[in-house]
Amino acid sequence: MSDNNIKSEYTVLLAGNPNVGKSTVFNALTGMKQHTGNWAGKTVSTAEGSYKYNSSHFRLLDLPGTYSLNASSPDEKAALNAIETVEYDCIAVVIDATSIERNLNLVLQILQITNKAVVCVNLADEAEKQHIDIDYDELSLQLGVPVVRTAARKKLGLKQLIEEISNVASGRTKTYTVTRKYDDKTENEIKIICDALSDIPDSKKRQTAIHILERKQDITYDEKIRNALLKVSELNGGETSDIIAKARVGQCEEIYKLCVNRKNGEYRSRDRKIDKVLTSRIFGIPVMLLLFGVIFYITIVGANYPSEWLSSLFSFIGEKLTLFADNIGTPLWLKNLLIDGVYTTLSNVVSVMLPPMAIFFPLFTILEDLGYLPRVAFNLDSVFCRAGTNGKQGLTMLMGFGCNACGVTGCRIIDGENERKIAVLTNNFSPCNGRFPTLIAIISMFFAGIFPIAVQSAVSAFILVGIILVSILVSLLVSFILSKTILKVSGKSFIMELPPYRVPQIGKTIVRSLLDRTVFVLGRAVLVAVPAGAVIWLLANIHAGSETIISYITAFLDPFAKIMGLDGAILTGFILGFPANEIVLPTTLMIYLSNGTMTDYGSLTQLHDILISNGWTIKTAVCTLIFTLMHFPCSTTCITVKKETGSIKWAILSFILPTVCGIICCIAANLIFDIFL
Amino acid sequence: MQNNYFSLSELPVGGCGIISRLPFDDKLKNRLMNLGLICGTRIEAVCKSPSGNPCAYSFRGTLMAIRKSDTDKIIITDYGE
């Protein structure tokens with residue numbers, strides 16, 4: 001035992017296919033609450049966490065879930081890049097016990113690079129349910145590295161996993177590379193490349209040669225290797241990469257046959273039955289619409305109550321704060337700036353945004369855990385295929401109805417570079433929870449109000465559904481145009497895994513998702529709403545001459561706003577609402593009432609009266625609806641777009657695109673009203 | 001006994017086949033191979049999406065949705081039975 005060699009810190013990479021519970025393993029090991037998904041490609045940027053074991057510190061890096069290391073998708077590139085550049089002590093490869101054969105492909109590719117690895121056979125409980133017998137010792141023997149059986153969701157086998165990782169990382173467990181022979185022809189070609197590799201240690205030559213033969217991109221070869229490659233491709237018409245890939249599938253099959261015994265041939269019969277219904281021609285779409293209809297209904301109706309509680313809580317605290325400020329003798333301007341400006345905006349953003357987010361996203365996540373979302377993408381794919389993209393965009397669009405920033409982040413699940421950008425750019429066409437209250441208020445005041453009270457809420461719901469459909473159509477249309485112009489999508493290839501259905505961890509999901517969203521909304525409120533509140537208050541209260549700055553802005557914008565069927569106050573509201581959409585209407589009201597603080601309307605009738613007395617007509621209502629649906633995304637979303645696309649250019653385009661659409665549609669609507677009505 | 005060759009997209013739901021030729025398109029071929037789809041792999045058409053495209057196929061213990069434009073390019077032989 002060479003315990004002296006124990007380092008104080010080890011770096012461990014966590015690799016694996018998508019949907020194998022990698023993030024669950026990561027969470028279980030580190031205790032960090034990283035969101036887990038029954039979905040391909042959850043972790044795109046490497047998440048990091050750490051844990052302690054035997055007085056050593058283990059740094060754990062979660063790589064994106066990939067099927068291979070071929071660097072053909074951003075995920076694969078990121079994973080390969082991490083494996084090549086990070087100085088790690090051990091790679092833990094998580095594989096799905098219920099589909100070991102496919103998972104072995106990645107394991108073998110990783111073992112080709114290093115043998116400092118531990119294979120974690122996760123979802124072992126699922127496999128046992130399906131009567132899949134796994135010979136772990138044989139598997140370990142075949143792979144040359146320790147194999148651990150785990151069921152991370154039930155916290156089984158994690159101790160052994162931690163122990164084996166520690167043993168491999170510290171070198172206490174000796175792992176070895178199992179040399180797998182290819183057929184003679186390929187072996188000969190590997191040798192040709194090996195001979196050309198001069199400055200690489202002998203022990204690494206073979207794996208490097210295999211890598212080069214697989215035509216790993218992003219590598220500039222020296223002349224010797226290029227000549228060797230030329231020689232190889234002369235030997236066979238450029239088919240080398242296939243041979244290696246094919247041979248590896250064969251190796252997986254071989255190992256699988258040695259180590260796994262499926263007693264029950266008819267596996268997943270339960271899933272098949274579910275899929276027969278959920279993706280069927282008759283029930284597929286109706287069930288989907290019903291499910292999401294219910295989710296939206298619960299979100300919109302259910303959010304009202306906590307919204308009211310929060311807002312009365314905030315106004316109670318506001319009163320106390322005012323008292324407190326008076327008592328300690330705060331100057332009046334400072335008190336007003338902090339309470340009427342900053343605090344009011346903050347409470348507005350939190351009470352409008354938090355409840356629907358905290359209801360919508362946990363429900364969404366439960367569907368995700370269940371494995372239903374990939375089926376939604378499956379059902380919707382043909383529609384999106386016609387718009388030049390794929391079904392996964394349907395999901396990011398749905399997430400956008402919750403929050404556009406979250407929807408934009410969700411676009412990571414989309415594989416193609418251009419398809420992903422299209423989804424990012426069009427996400428804002430889905431009205432988010434911050435915009436729903438405005439939409440609903442306008443609909444019920446100006447449209448549903450005409451109908452008898454008994455049917456008003458039904459009419460409102462009906463119009464809202466219509467608006468959602470319009471937003472989806474616009475989104476598809478813009479996607480289509482983008483996919484034919486600046487973001488050309490080449491080919492129609494689309495392959496997506498439909499993972500097994502799993503029983504969701506409802507309690508855990510709700511708690512975690514609730515915490516995530518609360519942190520998100522509060523963080524955004526502090527970072528965005530606080531400064532915005534201060535600025536808006538200053539604009540509304542600093543007088544230049546006889547008028548406030550905000551009234552100058554309003555007057556300046558008024559002529560242009562009128563062309564769009566709006567007025568200066570509404571447009572100013574939208575512009576000042578850039579930090580957060582939920583303050584658009586309150587800001588507009590503030591300008592109408594010129595009372596210098598953001599105003600929360602008492603009742604819809606009251607609001608209706610204020611709007612009417614400020615010259616609102618049906619036309620104003622329609623144009624405001626249109627502009628609410630189509631205008632620049634909120635600042636958080638813009639920042640997220642920049643983060644996700646890595647370029648300011650796309651963030652600017654994501655700003656301009658919906659704004660231009662909105663302006664054109666508003667002007668058109670205004671003209672139609674003027675001419676025909 | 002003669003084998004019939006046809007494209008994967010022609011395989012009816014519930015039917016099985018053996019992959020006999022992968023697409024020529026290198027990128028697509030590589031993707032399929034990394035999922036374990038090579039010549040000789042047994043594949044089953046499990047269910048179609050409501051519009052009929054894409055279709056879900058089961059092979060090597062996984063269920064994958066593949067579009068018709070891709071399955072058109074994959075040639076299979078029938079399963080013998």
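Chain A is built from 27 helices and 11 strands in its secondary structure, and its radius of gyration of 29 Å is close to the 26 Å that the globule rule gives for 677 residues, so chain A is as compact as a globular protein of that length. The model is predicted, with an ipTM of 0.94 and a pTM of 0.82.

**Fold of chain A**
- Along its principal axes, the C-alpha trace of chain A spans about 90 × 60 × 55 Å.
- Of the 677 residues of chain A, 47% count as buried, and among the contacts in this chain between residues at least 6 apart in sequence, 72% join residues at least 24 apart.

**Interface between the chains**
- The contact between the chains involves 33 residues of chain A and 27 residues of chain B.
- On the side of chain A that touches chain B, the elements giving two or more residues include helix 3 (100-113), helix 12 (284-327) and strand 9 (495-497), while the largest share, five residues, comes from helix 14 of chain A.
- By residue class, that side of chain A divides into 11 nonpolar, 12 polar and 10 charged residues.
- Strand 9 of chain A and strand 5 (residues 62-66) of chain B run antiparallel and are joined by three bridges; in strand 5 of chain B, B:Ala65 is the bridge partner of A:Met496.

**Confidence in chain B**
- The pLDDT of chain B averages 87, and 94% of its residues score at least 70.
- Within chain B, confidence is lowest in helix 1 (residues 26-34), at a mean of 84, and highest in strand 4 (residues 55-59), at 93.
- Where pLDDT is low, the predicted coordinates should not be read in detail.

Terms used
Residues are numbered from 1 along each chain as its sequence is written. Chains are lettered from A and ligands numbered from 1 in the order in which they are written. This is a predicted model: local features need pLDDT of at least 70, side-chain atom pairs count only at pLDDT 80 or more; totals for chains, interfaces and linings use all residues. pLDDT is the predictor's confidence in each residue, from 0 to 100. Helices (H or I, at least four residues) and strands (E, at least two) are DSSP runs, numbered from the N terminus. Two residues are in contact if their C-beta atoms, placed from the backbone, lie within 7 Å. Ala, Val, Leu, Ile, Met, Phe, Trp, Tyr, Cys and Pro count as nonpolar, Asp, Glu, Lys and Arg as charged, and the others, Gly among them, as polar. Two strands pair if DSSP finds at least two bridges between them. The radius of gyration is taken over C-alpha atoms; the globule rule is 2.2 Å times the number of residues to the power 0.38. A residue is buried if 20 or more other C-beta atoms lie within 10 Å of its own, exposed if 12 or fewer, and partly exposed in between; C-beta atoms are placed from the backbone.
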